[in-house]
Amino acid sequence: APAEPVDYLATLNEGQRRAVEHGVGAGCGPLLVIAGAGSGKTNTLAHRVVHLIASGADPRRILLLTFSRRAASEMIRRVERLAARVMGPNGAVLGEGLSWAGTFHAVGARLLREHAFQIGLDPTFTIHDREDAADLMNLVRHELGLSKKETRFPTKNTCLDIYSRVVNAQDELEAVLKSAFPWCLGAAEDLRSLFSAYVEAKLGNNVLDYDDLLLWWSHMVAEPMIAADIGARFDHVLVDEYQDTNRLQASILLALKPDGRGLTVVGDDAQSIYSFRAATIRNILDFPGHFSPPAEIVTLDRNYRSTQPILNAANAVIGLASERFTKNLWTDRQSSELPQLVTVKDEAGQADFVATRILENREAGMTLKAQAVLFRTSHHSGPLEVELVRRNIPFVKFGGLKFLDAAHVKDMLAILRWAQNPRDRVAGFRVLQLLPGVGPTSAARVLDAAGTGDIAELPAPPRAGADWPAFAELTGHLRSALSPWPAEIGHVRQWYEPHLERMHEDAVTRRADLLQLEQIAAGYASRERFLTELTLDPPSATSDEAGAPTRDEDYLILSTIHSSKGQEWKSVFVLNAVDGCMPADVAAGSPAELEEERRLLYVAMTRAKDSLHLMMPQRFFTHGQHAQGDRHVYANRTRFIPARILGFFEQTMWPMATASAPGPAWRGTAAIDLKDRMRGMWR
Ligand code: ATP
Ligand code: MG
């Protein structure tokens, strides 16, 4: 007998339901859900997908664009679960059919490979991550002699930032320089030739950088015939976190669905935090007016995530923004616990407090997974990580140093990438220099001699000597794909291990990473898929050197605020809620940048369901910018929580000051030491 139909719409509120039930055919008009944090936007999107499928839409013809791969798989899981409830066991299969769910970049890479032949692109292209791109930029910079010409020419990373901004904002170079990099205005002409040479280098190497995935995609769909072709593959296109898309992404959507039919976007303008990647809230604000008739707008104001005191405090913080966000969220989740502002002496005290509280929470029955520690910048969690390891608290860190950033992992990947695409010069350059006696000059010479030829027939560099035959054999092996994937990666490791031992003293721990890489590789159908997906969404660094905690193990989440977007935890700790960290660079910040920092704090606060701690070390260590170097600075409470909204918080101190005998030991017991302040005034 067919399972009793489940009314999956019953749990939705009126606004959510209107969004979910907004037309189900491919011809339905555009829809915008613009609503505050925790109001169920993502949940509504998941229900809408289920509703579309339940109403007969083909899941393979649904394109779902999310902010991270994690968000995409979370969405697929939700859809599967719901679909299974609604449609019985077959529903789960329908969820799996949702094969076009992912980030803009990942979907772009896939579409570009599929349509490569139509646009003059070699489909074996490899993808440069940020570091590879900077390396290539550097190579080109040297070739043009720009680094020598002027000592103050922008660094490779600044060059890449500028380039990226121009591409993503679809703006003129001069305009970008004027608004965001005024100190580089004098170099405009040289930058222009640099970027032109950089583009040429990418074409010659058959590589795309992250920005290219969007840029090529947008140019591809600017061709009406291809746009119609790709647009017709999808009946529905749905986008989460639309406030953080940039103009390039908006232009892609509009090219795919020029009349907005089948288009649904959701987002929150108060949570826009990616303007440094040229994201613009204009996208979400201008969305309805792009179409005629204009898009239907649904707003939601009930928050299902946080308690009323947490929400009050978050509303107070965002209420001080210079821009008026009209939403005022409410909830029926009452609580007597106010969010806490915790004053601690320094970062060690902060780590001590947070670790202690986390363990107390666990004692009281809250799993580690239900708790998270958020911070502005990845290195802010350093002292805490040490403390967590000391106390044996397992954790996973998001948005920080990636597993893939480790030199030995990059070496392995470079070998595979070079095998995939022998024209990838950055990869070849790295790989050749693994050989003892081969430096940049001879590596470059080998690459020049090779052109696009077979690596196996490369001339041996003069000093590679005895190591060359084994290397030539390996590359020959890879090029002719003698061993199937993923066995191939085992061959690479065997070749690489002696070099690893030669180069690194801690080869044993590094070897464990390589084994882990091999395990990850086994999960992918081909070398190409492995390289693409790993580059676009790398796994996170973990506390456990032997690998990520297994699925059912309990672990704490550490995350940058940027990477915490869309998520929620019972208990949230925000590190360094002080001026100098939040906002990051007080002196240099433009008003617009300050506003973005305020929204960042708002995003952090609205991740908490039941309990929220904002930490305020009186002293913190800063990795100095602008040649100030690393140093301790004395800090004040973040300016985003001025005295007039302090009433929304409870203030505590850690450790509580004790009236011990005066003397040198006294300093260790007080969270606030005004002596430090006195010194700090003159730093
Ligand atoms: P963010 O702006 O942070 O991305 P969001 O608007 O996407 O938040 P969701 O993550 O979808 O919000 O939902 C927040 C929480 O509220 C989730 O735990 C979700 O399950 C719950 N929720 C959403 N809608 C309802 C509802 N109608 N009834 C009960 N719980 C709900
Ligand atoms: Mg969401």
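Two strands count as a pair if DSSP finds at least two bridges between them. With that in hand, let's walk through this predicted model, starting with its sheet.

Take strand S1 (residues 31-34) and strand S7 (residues 263-267): they are joined by four bridges and pair in the parallel sense. At one point along this pairing, Leu31 stands opposite Thr264 in S7. In general, the strands of a sheet pair through backbone hydrogen bonds, and the pairing can be parallel or antiparallel.

Now step back to the sheet as a whole. Six strands make up an open sheet, and reading across it gives the order S3-S2-S6-S7-S1-S8, with parallel pairing. Strand S3 (100-102) and strand S8 (296-298) stand at the edges; each has a single partner strand, so one side of each is left without a neighbour in the sheet. From one strand to the next, the twist averages 10°. Helix H3 (residues 69-87) lies across strand S2 (62-65) and S3, and runs at about 130° to S3.

Next, look at how helices meet. Two packed helices are described by the angle between their axes and by the distance between those axes. Begin with helix H9 (residues 173-180) and helix H10 (residues 188-205), whose axes come within 11 Å and cross at roughly 125°. That angle makes H9 oblique to H10. The crossing here is right-handed. On the H9 side the contact is made by Leu173, Glu174 and Leu177, and on the H10 side by Ala188, Leu191 and Arg192. Sorted by class, these are four nonpolar, no polar and two charged residues.

Helix H18 (residues 407-420) and helix H19 (residues 425-432) also cross at roughly 125°, with axes that come within 8 Å. H18 and H19 are therefore oblique to each other. Which hand does the crossing of H18 and H19 have? This crossing is left-handed. In H18, the residues Asp411, Ala414, Ile415, Arg417 and Trp418 meet Ala427, Gly428, Arg430 and Val431 of H19. The contact of H18 with H19 divides into five nonpolar, one polar and three charged residues.

Finally, find ligand 1. There are 18 residues around ligand 1, and those that come nearest are Gly40, Lys41, Thr42, Asn43 and Tyr304. Which helix gives the most to this shell? That is helix H2 (residues 41-54), with three residues. By class, the shell around ligand 1 has four nonpolar, 10 polar and four charged residues.

Note on methods:
Residues numbered from 1 in each chain as written. Chains lettered and ligands numbered in written order. Predicted model: local features only at pLDDT ≥ 70, side-chain atom pairs only at ≥ 80, totals over all residues. Axes fitted to C-alpha atoms, helices over the stretch in contact; angles between N-to-C directions. Helix = DSSP H or I, 4+ residues; strand = E, 2+ residues; numbered from the N terminus. Parallel < 35°, antiparallel > 145°, perpendicular 65-115°, else oblique. Left-handed = near helix turned anticlockwise from the far one by under 90°. Contact = placed C-beta atoms within 7 Å. Nonpolar A, V, L, I, M, F, W, Y, C, P; charged D, E, K, R; others polar. Near = placed C-beta within 6 Å.
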